[in-house]
Amino acid sequence: MVSWIISRLVVLIFGTLYPAYSSYKAVKSKDVREYVKWMMYWIIFALFTTVEVITDIFLCWLPFYYELKIAFVVWLLSPYTKGSSVLYRKFVHPTLSSKEKDIDEYLCQAKDKSYDTLMHFGRKGLNVAATAAVMAATKGQGVLSERLRSFSMQDLSSFQAEGQAKNASSVTTQPAAAQHRTRTMMRSKSETGYSKASS
């Protein structure tokens with residue numbers, strides 16, 4: 001587990017970040033020799049990452065597997081060994097040069113087929129989406145009108161019931177002090193009316 005973490009860090013820092021910064025410096029300085037050096041490195045590193053995915057699954061149980069990956073990345077980067085340049089010039093460039101026409105032809109066919117396939121499935125997807133939207137709208141319209149009809153009579157009666165309940169509760173839920181004042185005022189009016197009548 002520790003070997004795996006260390007190898008991931010080495011590949012990330014020394015295999016990716018350091019070369020990325022060096023590539024930036026090469027672009028900034030416009031040095032053609034540095035361009036070529038770092039382009040060769042990135043081609044080899046892309047192949048390394050592709051192979052690494054497969055070897056991590058099947059060969060990770062080998063002793064010193066992760067240490068070998070670290071050593072390989074250091075070898076690729078080292079200015080003394082120039083590993084990426086050696087691999088590129090001896091193996092990658094001759095292989096790609098001999099197969100370049102076949103690869104270009106295959107890529108053109110794949111691009112055309114993928115475009116046709118994308119258009120075919122895009123049309124199918126749009127047809128399915130349009131059909132689903134029309135069906136949902138027709139079903140939704142019927143459900144909506146039924147919902148509105150059911151709400152109309154029920155809501156009117158519930159609004160009337162709520163209004164009546166509110167009026168009744170406002171009368172019965174007056175505060176005790178207000179009810180006491182009302183009673184006192186009514187008594188005083190009746191007493192004044194009684195005293196006027198007796199005199």
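How far apart are the closest N and O atoms in the salt bridge that Glu52 forms with Arg8? Select both residues: the answer is 2.8 Å. Keep in mind that this is a predicted model.

**Stop 1**

Now show the surface. Is Glu52 buried or exposed? Glu52 is buried, because its relative accessible area is 4% and the cut-off for buried is under 20%. Arg8 counts as partly exposed, at 33% relative accessibility.

**Stop 2: Lys69**

Glu52 belongs to helix α2 and Lys69 to helix α3, so the pair ties together parts 17 residues apart in sequence. Lys69 counts as buried, at 6% relative accessibility.

**Stop 3: Asp56**

Asp56 forms a salt bridge with Lys69, and here the closest N and O atoms are 3.0 Å apart. This pair links distant parts of the chain, with Asp56 in helix α2 and Lys69 in helix α3, 13 residues apart.

Now view the selection as one group. Arg8, Glu52, Asp56 and Lys69 are linked in a network of salt bridges. How many salt bridges does the structure hold? It holds 3.

**Stop 4: helices α2 and α3**

Select residues 32-58 for helix α2 and residues 65-77 for helix α3. Their axes come within 11 Å and cross at roughly 170°. The angle is over 145 degrees, which makes α2 roughly antiparallel to α3. Show the side chains in the contact. From α2, look for Trp38, Tyr41, Ile44, Phe48, Glu52, Thr55 and Asp56. From α3, look for Tyr65, Tyr66, Lys69, Phe72, Val73, Leu76 and Leu77.

**Stop 5: a patch on the surface**

Clear the selection. Pick Trp4, Ile5, Leu9, Leu12, Ile13, Phe14, Leu17 and Tyr18. Together they form a nonpolar patch on the surface, with about 760 Å² of accessible area. Zoom in on Ile5, which sits in helix α1, residues 2-29. Ile5 is partly exposed, with a relative accessible area of 38%.

Definitions and conventions
Residues numbered from 1 in each chain as written. Predicted model: local features only at pLDDT ≥ 70, side-chain atom pairs only at ≥ 80, totals over all residues. Heavy atoms only, no water. Patch = residues over 30% accessible without salt bridge, like charges linked within 9 Å, V, L, I, M, F, W, Y side chains within 5 Å. Areas by Shrake-Rupley, 256 points an atom, 1.4 Å probe, with all protein chains shown as cover. Salt bridge = Lys/Arg side-chain N within 4 Å of Asp/Glu carboxyl O. Helix = DSSP H or I, 4+ residues; strand = E, 2+ residues; numbered from the N terminus. Buried < 20%, exposed > 50% of the residue type's maximum accessible area, 1.4 Å probe, protein only. Axes fitted to C-alpha atoms, helices over the stretch in contact; angles between N-to-C directions. Parallel < 35°, antiparallel > 145°, perpendicular 65-115°, else oblique. Contact = heavy atoms within 4.5 Å.
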